[in-house]
Amino acid sequence: KEKKRKENSFDKMHHFFRIARQFNEVAQTHRTLTTCVVGSSIMGAGDIFSQKKIEKVEKIDFKRTIGYSFYGFSFMAPFYTNLYRVWDRAFGETKIAIIKKVILENFVVTPFIGYPVFYIYKAILFQEGLDGLKKNLKSLYGPTVFASSIFWVPASTIAFSVIPPHLRVNFMFVCDFFWSVVMSNFNFGGTAEKLMKIIFEEDNSLFKKK
């Protein structure tokens, strides 16, 4: 029995590494398509997890989940895949290059392109209109960017320093599973308003509004 168990474990590991090798080959030859599929799947899964486990809803809002998946498929995956290619060609892979990429990612691209586009998608897909877009940017944009810098600076540092170029966007989407949970709560669960209250309105807050 012990010998058979070891053989089964070896077979499972062999299949796992074979699938991983095949995925790596596909990711190298079809980088954008791979990240589109992986990204949309992970963002959708993250939203479903958030709804069921964090928000405790009885019925999943699949329209919302599809919206997240569509955003990942149509914007995030192709945009960041090609952006990273440009950065790799422009900066290379030195330590200084890693610092430049992390700074650009988290303090230029994300706050001034990534999240504005996300809220435009949200306003269109959920029929919130221009008033909804303005409300989201006013109430959600600030705390989202604040939390983003805490989460994504370490993640992007790992991505640009350790992960091979053709797998970086996929790695970021794996991280994005957890970030999707945060984003779902920020944008649908009232977490953004709670965070702003903690930062600005608590008695012991250094940023308490006068």
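Here is a short chat about this predicted model.

Residues are numbered from 1 along each chain as its sequence is written, and side-chain values use heavy atoms, with hydrogens and water left out. Local features need pLDDT of at least 70 and side-chain atom pairs count only at pLDDT 80 or more, while totals for chains, interfaces and linings use all residues.

Biologist: Which element has the highest mean pLDDT?

Modeller: pLDDT is the predictor's confidence in each residue, from 0 to 100, and the protein's mean is 78. Helices here are DSSP runs (H or I, at least four residues), numbered from the N terminus. Helix α8 (residues 191–200) has the lowest mean, 46, and the highest, 93, belongs to α4.

Biologist: Is α4 roughly parallel or oblique to α6?

Modeller: Helix α4 (residues 95–125) and helix α6 (residues 141–161) pack at about 140 degrees, axes 9 Å apart. Axes are lines fitted to C-alpha atoms over the stretch in contact, and angles run from 0 to 180 degrees between N-to-C directions. Under 35 degrees is roughly parallel, over 145 roughly antiparallel, 65 to 115 roughly perpendicular and the rest oblique. So α4 versus α6 comes out as oblique.

Biologist: How many charged residues are in the contact of α4 with α6?

Modeller: Contact means heavy atoms within 4.5 Å, and Asp, Glu, Lys and Arg count as charged. Lys-101 and Glu-105 of α4 take part, for instance. The charged count is 2.

Biologist: Is Phe-62 buried or partly exposed?

Modeller: Phe-62 sits in helix α3 (residues 62–91). Buried means under 20% relative accessible area, exposed over 50%, and partly exposed in between (1.4 Å probe, protein chains only). At 49%, Phe-62 is partly exposed.

Note on methods. Helices (H or I, at least four residues) and strands (E, at least two) are DSSP runs, numbered from the N terminus.
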